[in-house]
Each structure stands twice: as C-alpha cells, then as structure tokens.
Amino acid sequence: MEKREKTRRPIRSKVQNMVFVISIAALIITSAVGIIGMIRIQNDSEGALISQMEQNLRNITTNKADLADSELGLYSSYVGNLAAYISGLYQNPSGYISHDVPTPKKEDKGKLVIQRTLRDKSVLLKNLEEEIYLLGNVEPVWHNLITSGKGLITVIYLGTEKGLLISYDDRPDLSAEDGNDVYYDYSKSAWYKKVKETGRVCFTDLYMDVYQRGLMITCAAPFYDADNNFAGAVGMDILISDLYKDIIEVDLGEDKGSYAFLVDNNGNIINNDNDSSKQKTLHEEQGMSEFVASEILAGKTGVSLAKGKTHYEYTPTENANFLGGRLGTVEDNIYFAYTPIESTGWKFCVRIPENVILAPVRSVQRNVIFTIFSFLAAFLIIIVIVAVASRKFSKKLTDPIIALTHDVKEISGGNFDYRAKIQDNDEIGDLAKSFNYMALSLKDYIRDLAAVTAEKERIGAELNVATQIQADMLPRIFPPFPDRNEFEIYATMNPAKEVGGDFYDFFLINHNHLGLVMADVSGKGVPAALFMVIAKTLIKTRALMGGTPAEILHDVNNQLCEGNEAELFVTVWLGILEISTGNVISANAGHEYPAIKRADGKFELLKTKHSPAVATMEGMKFREAEFTLNRGDILYIYTDGVAEATNSAEELYGTDRMIDALNKKADAPINEILAEVKKDVDDFTGDAPQFDDITMLGLRYYGQEVNKMVETKKLDIAAEIKNLDAVLAFVDEQLEKYGCTPKVQMQIDVAVEEIFVNIANYAYNPEIGSAGICVEVQEDPLVVSITFTDNGVPYDPLKKPDPDVTLSAEERQIGGLGIYMVKKSMDDISYNYKDGKNILTIKKSL
Amino acid sequence: MLINKTQNGDSLTIALDGRLDTTTAPQLDAEISSGLEGVKNFVIDMEKLVYVSSAGLRVLLKAQKTMNKQGSMVIKNVCDEIKEIFEVTGFDELLTIE
C-alpha cells in the first residue's frame with residue numbers, strides 16, 4: 001500500500017478533460033492568430049492612410065496655389081500692360097491728342113467716367129494740365145479693360161509723382177464736390193508706396209470693399225517718364241471673392257475642423273467676413289504650433305503635424321454594438337499642408353485634424369475591438385458547448401464500462417449464473433463476452449474443485465490421524481525419567497508434511513545405560529512414515545536386547561533390507577550413554593555430525609567416522625566412535641531438516657548458523673536451547689515453505705548426584721527452647737570453616753532459631769518430641785541446606801500470610817514475624833510432609 | 001545477655017550486651033515491664049548487641065507501644081546486621097533509631 005493514496009481519476013473525467021483542453025487550445029491559437037493579423041492590418045493601414053493623405057494634401061495645396069497664381073497673374077499682366085502703355089505716353093507725348101480729365105460729378109453716378117483728384121491743395125492744377133491731357137488718353141484702354149472684366153475690376157486709377165490721381169469708375173458721385181477739384185493723398189496708400197518702393201507689379205493685401213461688394217485686392221504697377229524716372233503708379237481694384245472661394249473651397253469631407261485658408265503677408269488669416277473681431281493671426285489658428293507657423297511664414301511648401309494636447313473623449317460608435325461607444329484618448333493633432341502663392345506672397349494652408357484622416361483606421365480599430373469581444377463571446381459559448389459535448393461523449397464512453405463493472409461485481413460476488421448484458425460490438429462488448437466465458441469456466445472449475453477438495457479433506461483427515469499416531473510413537477513427556485537426575489533430556493519434531501520420515505528416540509536400556517536415536521528416512525510422506533515406524537521399532541527392540549551400536553545397526557540393517565521393495569533407507573545416529581561414567585559409544589550411519597558443548601566451552605561439531613545409511617545393503621558392518629560426557633556437557637543431535645533448511649533466496653541454513661544459535665542460550669534448560677534453534681531456523685527461512693522435517697534432541701549430562709554433596713551433618717535433639725543454644729552451636733560449627741560474613745551468619749542463625757522455636761512451641765505441644773536438624777553443604781557454588789524434621793502435627797509455616805510491615809506499632813500483630821524474616825533472608829525455603837514428618841528445608845548461598 | 005540500666009530522674013537508659021533471642025528476650029521483657037513506670041525518656045543502647053531474633057523484636061515492639069503512651073523511646077548504636085533486620089521487618093519505621 002502506498003502511504004498516500006492516489007486521487008482516483010475516472011476515465012470519464014480524463015476523456016472529458018482531454019477534449020476540453022484540445023478544443024480550448026485550438027480556439028486560443030486561432031483567436032490569437034486572427035487578432036494579431038487584424039492589429040497588423042490596422043497598423044499598416046494607418047501608415048498607408050497617412051502617406052496617402054500627405055500626397056493628397058500636397059497636390060491640393062500646389063494645385064490651389066497654381067490656380068491662384070494663374071488668376072492673379074492675369075491681373076498683374078493687365079496692370080503691367082497698363083503701366084507700359086502709360087510709360088509709352090510719357091515717352092511719346094506728341095503721338096497722342098489731348099484728352100481732358102474732369103473733376104468728379106454727381107450726375108455721373110452709375111456711368112463709367114474718368115475723373116481727376118489732386119493729392120492736396122499744394123498741388124496747382126495749372127502745373128498739371130500737360131500731364132492731365134496726356135494721361136487722359138488712358139480712358140479708352142481702361143474702359144475696354146473694365147467692361148471686359150466681368151465686373152470683377154471695379155476701378156482703375158493712376159497716381160503720379162506730381163500729385164495727380166486719375167480714376168475710372170462708375171461712382172464719381174461719392175467724391176464729387178459740385179465740380180470743384182477734390183483732394184486725396186494717395187501717396188500714402190499702400191499700393192502706391194509699395195510700387196514706388198519695389199518698382200514692380202505689386203498686390204496689396206485683401207481688404208473689404210467699401211461698397212460691400214466683397215473682398216477686394218489692388219494690383220498696381222509703376223510707370224516711368226521720358227527720362228525713365230519713376231513717374232507714378234497705375235492700379236486696379238479687383239473683386240476677388242469668387243477667386244477666394246475657388247481657392248479655399250477644398251473638398252475635405254464634412255468635418256468642421258477640416259478647411260483651407262489663406263494667410264496674408266502680415267501673417268493674418270484672410271477672412272471673407274466683414275467683422276474685424278473675427279480677424280485672427282496664423283498663430284491664433286486652433287491647433288497651430290510654433291514650428292508649423294514658422295514653416296508657413298517662411299514660404300515653404302509641405303505637410304506638417306502639429307501635436308496637440310491629449311484628452312479623454314467619449315466617442316459614440318457608428319456601428320451599433322453592445323458597448324454603444326468607446327471612451328478613449330483623443331489627441332488634437334492637426335495636419336497642416338501649406339504652400340506659398342508666388343504672385344501675392346500669400347500662403348495657402350489646409351488644416352485637417354489627424355482624427356479625420358485616421359477615422360477609417362479608428363473605424364477599423366473599433367471593428368477589431370468589436371471582433372475581439374465577439375471572439376471572446378464565441379469563445380465562452382464554444383467552451384460551454386465543448387464542455388457539454390465532451391461530458392456527453394465521455395459519458396457515452398464510460399457508461400458501458402460502469403455497467404460492465406456492475407455486472408462483473410455481481411459475478412465476482414459469487415453469482416456465476418449471472419451474465420454481463422453488454423451487447424455493444426466493440427472492445428467493451430468483447431470484454432463482456434470474455435467475462436461471461438470466465439464466469440462459465442469458473443463455475444465448472446469450482447464444481448470440479450469442490451469434488452477434489454472433498455476428497456482431499458478426507459485424505460487430510462486420515463493423515464491427521466496418522467500424524468497423531470506417529471507423534472504418539474515418539475517419547476513426548478518431559479522429563480521422561482523424573483527420578484533420574486544424572487541428565488536432562490529434551491527433544492522435538494516438526495514434520496514438513498502431515499507425516500514425516502524423521503524420528504528421535506531415547507530409552508533406558510538398563511539402569512546405567514541410556515539409548516539415544518536420531519534418524520531420517522529417505523523420502524517423505526506416508527511411505528517414509530511407515531518405514532520410520534518399522535525402523536524405530538526395530539532399533540529400540542534390538543537395542544533393548546543389548547549389544548553395541550554397531551551390532552544393533554548391523555542387525556537392524558539386515559532386517560530392513562529384507563523385502564525393501566520401495567528401496568527406502570534410513571540414516572541413523574545411535575548412541576548408548578553409560579550414565580555412571582558419561583561414556584558414549586555411537587554409530588553414525590550416514591547421519592549428520594552431532595554437536596557437543598563442553599561445560600566450559602561452546603558448541604562444536606563432533607566429527608566421527610561415518611558408515612553408510614541403514615537399509616542400503618545387507619550384511620553391512622557399522623563403525624563405532626567413543627567419547628565421554630563430563631558434568632555440564634551437552635550433546636545435540638538433529639536431522640538434515642535443520643542444517644538444510646532453505647530460505648526464499650535458496651540459501652542453506654547450514655551448521656555454522658546452527659552452532660551460533662545453540663551457543664546463544666547454551667546455559668539455559670535444554671528445551672529453551674532447542675526452541676532457540678527452531679526460532680532461528682524459522683527466522684532464517686522466513687516465508688519459504690519448510691521442505692524437510694526438523695527434529696532435534698538435546699541432552700545435558702550431570703553425572704551422579706553423590707559427587708555434589710561435600711558434607712552432611714545431622715543432629716537429633718529434644719525440641720525445647722532450652723536447646724536453642726545447642727542447635728545454634730551445632731549449625732555454626734558446621735559453617736565455621738566456610739568463613740561466612742557476620743551478616744549471613746546472623747541471617748542463618750535467626751532462621752534456625754525461628755524454625756526451631758516454632759517446632760519447640762507448637763509441634764508437640766504440650767508434650768516434648770524430638771527434632772532433626774540436618775546441615776548439608778554443597779560446593780560449587782557453595783550452598784548450605786538446613787533441613788528440619790519433626791514428627792509433630794502437620795503444619796506448613798509457608799502458608800501463613802506475611803505480616804504487613806508498613807503498619808504502625810499499635811496496629812502490628814505479634815505473630816508471623818519470625819517465618820517472614822526467614823523467607824526474606826534465605827535463598828530458598830521449602831516444606832514437605834512425608835511419612836508422618838514435617839520436613840522444612842532452607843537454602844542459603846555462602 | 002547483659003542488661004545495664006541507668007536511671008536518671010524520668011530518663012532510663014538500658015544498654016544491651018550479647019544476643020537478644022528467644023532465650024534472652026524474656027529478661028528484657030521483665031526489665032521493661034517493671035522499670036518503665038514514670039519514665040519519659042527511654043533509651044536502648046545496642047552498641048554491644050550482636051543479634052536480634054523475632055522474640056527480641058516483639059519485646060522492642062511492646063516497649064515502643066508502652067512509650068508511645070508516656071514519652072519517647074530511642075534506639076542507639078545499632079550495628080549494620082541488626083539494622084538490616086529492622087529494615088526487612090519494617091521496624092525501622094516503627095522505632096526511633098539514632
């Protein structure tokens with residue numbers, strides 16, 4: 001058993017988990033690939049959009065600038081032609097007739113007329129007459145120009161260095177002063193100053209027409225006198241509202257933040273509005289950065305991004321999804337495209353917020369996020385579907401197994417008529433059929449087995465009886481000879497099967513000779529047992545008739561060889577011990593060596609010469625060996641079941657281990673020594689079955705008792721208190737030469753006094769009888785035994801209960817103290833009533 | 001056994017010499033029976049006592065019981081052998097041994 005039981009994981013949950021994990025993994029991989037792809041497309045499209053936008057803006061700005069330049073260039077060429085014409089007048093005045101230029105008149109309102117204005121009162125008309133008549137020649141040219149100008153050229157005028165201003169328009173009423181000369185200092189006007197300074201065709205900045213007709217611009221050019229000196233400037237006012245609209249009207253979608261605008265030379269944004277409060281400079285343009293503004297004003301052409309602030313903004317989504325919109329960061333980044341208009345020095349700018357450009361990308365982004373959420377939703381739904389489906393699938397897979405398990409439990413429970421019901425045509429179906437077949441086979445087998453078992457039980461019962469008979473044949477009551485104390489003997493037999501071929505035997509041949517037999521019949525079981533019975537009987541019978549072991553075995557051999565059809569034989573160790581001397585004569589017929597322990601040594605094998613086993617060949621002679629047992633020696637004989645015991649690793653127990661086991665308890669009683677060997681063999685073989693009978697016999701030799709007693713002295717004396725001193729004197733005299741310690745001496749004296757006084761007081765009361773005191777001293781070890789004998793009333797002092805020595809003086813009983821002191825101080829005390837005598841013996845080591 | 005008595009007012013000292021056994025115990029018993037009247041401090045000196053048997057123990061127990069009623073009894077100078085007898089029999093708990 002493992003310490004920690006593994007968690008049970010049914011097949012069903014394994015299949016379920018596997019399907020589930022594979023599905024989820026596939027989903028995750030495809031989702032990841034899809035989402036990464038979408039995000040890449042989104043990033044790529046963002047870059048493409050921006051570069052396309054930049055190209056578009058470049059095209060728009062340059063096209064618009066070209067448009068403006070070509071329109072305005074037309075006007076500048078008109079003015080240039082006018083200037084050249086006027087210069088021509090100065091250089092060739094004689095080629096022209098005089099043409100008067102009158103003062104402005106109210107009645108000319110609505111008519112295109114030429115009119116004059118003086119710079120200031122310091123200018124004298126008479127000084128200008130020549131110039132007036134010369135320059136009046138411009139009228140037809142100007143008339144043609146205005147009438148062909150589609151109403152866009154509202155007025156044409158010129159101013160000279162000499163102080164004359166000639167204008168041509170249809171509103172002379174606005175300046176007319178009843179036909180008198182009017183004054184206006186045009187030399188301070190921007191168009192005049194600019195032309196005078198640059199000497200080139202110039203455009204003024206835009207301004208609102210004073211008649212509210214729209215945005216105006218003045219285009220002016222210098223003209224020169226005959227000496228080629230600057231003589232003045234000619235200019236025309238042009239309504240350019242339409243042109244302005246043409247330029248700044250750019251299709252940038254519906255976004256309010258996307259528009260085009262013009263910046264004039266002062267850095268102001270040109271506005272088509274009369275309200276000056278709405279005028280603003282380029283720097284004030286929303287989202288403009290310093291860098292972009294400086295690029296624009298430097299007249300560069302390009303597209304730049306002005307980084308704006310980042311803020312959070314909630315954007316409702318266009319496509320209705322479950323989120324309804326998104327809250328995200330919005331950067332007010334603005335793209336500015338710009339290019340200068342050469343003719344005026346203005347700058348054409350287009351402003352588009354980055355958000356507008358990236359709107360399609362944002363839309364893609366939203367779609368990506370929506371798709372991711374859709375993926376997740378689909379993911380969850382698929383998880384649920386896969387979980388349910390895998391559950392059903394695994395259930396379908398395991399249900400037959402569970403049903404089969406139930407059926408097999410029914411069969412294994414002993415119901416062999418039960419049949420598994422699974423009919424599926426698959427592996428489980430095959431398994432069910434196999435189980436059904438197994439149930440059928442089991443049923444047949446068990447029926448057969450029951451018959452065989454009944455037969456075996458009958459034989460077994462008979463064999464048990466045989467075992468009992470065989471065991472009864474061996475002497476099994478110990479001690480076998482209770483009145484013989486010259487030796488101690490013990491033997492055991494543990495058969496391997498019910499009846500074995502081993503046997504031991506021991507018997508007194510006569511008063512002084514003990515026969516010892518250890519034998520092992522070849523083969524096992526009933527035949528060996530039968531042979532053993534014959535062999536045992538023959539050996540004992542023959543031995544009792546007298547003779548040496550060799551003679552005995554010789555005769556037994558001849559008897560057993562007769563009609564030994566089964567070719568059985570028996571190894572025998574036969575020894576005859578002469579009890580009085582310890583001398584042993586033995587014959588070893590193919591048997592194990594005996595082991596001997598000398599009194600002061602250890603067990604060792606006694607290797608004597610072998611003869612062949614008994615019953616192998618008729619007429620054989622057997623060898624003998626002699627050895628002597630001394631006091632305390634132990635003889636151990638055994639069969640090969642001990643030495644050849646085998647463990648599960650096929651190792652032999654061997655005689656070395658046997659000797660070691662014998663030596664473990666060599667001083668213990670024989671039965672304990674044998675038990676120790678048996679235990680050691682069992683420990684060695686472990687679970688391996690016992691192959692052979694294990695039979696052992698041990699004998700410890702003491703020799704004859706007489707040698708033990710060193711000295712015995714006896715005193716017969718009248719049992720009277722007055723004789724106490726004489727008794728003590730007799731005992732002390734016997735012990736004197738052994739030099740007892742004062743303590744032991746006093747303990748013995750006290751014991752003798754107590755016992756003798758008891759006899760004197762109670763044994764014959766009131767008569768006086770005799771008491772015998774016998775002192776025996778035994779040596780090695782030195783022990784004194786003192787036996788008190790009297791013929792008085794039977795009385796066993798040992799039966800008296802001990803006094804309670806823990807009581808106080810008042811509670812103490814007077815009696816019983818004496819015998820209690822004897823029990824406590826002596827090593828042994830025994831009482832016997834025999835032949836009408838009380839016999840009490842005490843023993844004490846000296 | 002020799003018994004040597006020394007009386008000093010209500011104090012009595014008895015010195016024992018020899019063996020206190022079944023034969024000699026009655027002598028001590030007699031001395032104590034007659035001599036303990038009025039004694040409050042009773043001392044038994046065992047310096048020269050070499051032997052005690054159960055008969056002796058009985059007399060000592062009797063003396064102790066008497067003295068428990070009228071005063072105190074002390075045993076002095078006990079040799080090791082006798083001390084062991086007192087211990088085995090539990091007398092070392094009953095008697096006051098110095």
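## Strand pairing in chain A

In this predicted model, strand 23 (residues 634-638) of chain A pairs with strand 24 of chain A in the antiparallel sense, over five bridges. Within this pairing, A:Tyr636 stands opposite A:Gly698 of strand 24.

Strand 24 of chain A is also joined to strand 15 (residues 487-494) of chain A. Eight bridges connect strand 15 and strand 24, and the two run antiparallel. Here A:Leu697 in strand 24 is the bridge partner of A:Ala491.

## Burial of strand 24

Strand 24 of chain A spans residues 694-701, and eight of its eight residues are buried, so the strand is largely enclosed by the rest of the structure. In a regular strand, side chains alternate between the two faces of the sheet. Both faces are covered in strand 24 of chain A. On one side the buried residues are A:Ile694, A:Met696, A:Gly698 and A:Arg700; on the other they are A:Thr695, A:Leu697, A:Leu699 and A:Tyr701.

The volume of the second largest pocket is about 690 Å³. Its lining has 28 residues, of which A:Val155, A:Tyr157, A:Asp169, A:Tyr211 and A:Asp237 are the closest to the pocket centre. Five elements of chain A each give two or more residues to this lining: strand 1 (113-118), strand 2 (153-160), strand 3 (164-169), helix 4 (190-198) and strand 6 (215-224).

Sorted by class, the lining of the second largest pocket comprises 14 nonpolar, eight polar and six charged residues.

## A:Ser87 in helix 1

A:Ser87 lies in helix 1 (residues 11-91) of chain A. Its relative accessibility is 11%, so A:Ser87 counts as buried, the cut-off being under 20%. Apart from neighbours within four places in sequence, A:Ser87 is in contact with A:Phe223 and A:Tyr224.

## Chain B

Chain B contains four helices and four strands, which follow the pattern β-β-α-β-α-β-α-α along the sequence. The chain has 98 residues, and 46% of them are buried.

Of the contacts in chain B between residues at least 6 apart in sequence, 69% join residues at least 24 apart. The accessible surface of chain B is about 4500 Å², with 45% of that area belonging to carbon and sulfur atoms.

Technical notes
Residues are numbered from 1 along each chain as its sequence is written. Chains are lettered from A and ligands numbered from 1 in the order in which they are written. This is a predicted model: local features need pLDDT of at least 70, side-chain atom pairs count only at pLDDT 80 or more; totals for chains, interfaces and linings use all residues. Side-chain values use heavy atoms; hydrogens and water are left out. Buried means under 20% relative accessible area, exposed over 50%, partly exposed in between (1.4 Å probe, protein chains only). Two strands pair if DSSP finds at least two bridges between them. On a 1 Å grid over the protein atoms alone, a cavity is a set of points where a 1.4 Å probe fits but cannot get out, and a pocket is an open set with protein on both sides within 12 Å along at least five of seven lines; lining residues have an atom within 4 Å of a point. Grid points are joined across faces, edges and corners, and a volume is the space filled by probe spheres set on the points. Ala, Val, Leu, Ile, Met, Phe, Trp, Tyr, Cys and Pro count as nonpolar, Asp, Glu, Lys and Arg as charged, and the others, Gly among them, as polar. Contact means heavy atoms within 4.5 Å. Accessible areas come from the Shrake-Rupley method with a 1.4 Å probe; for residues, only the protein chains shown count as cover.
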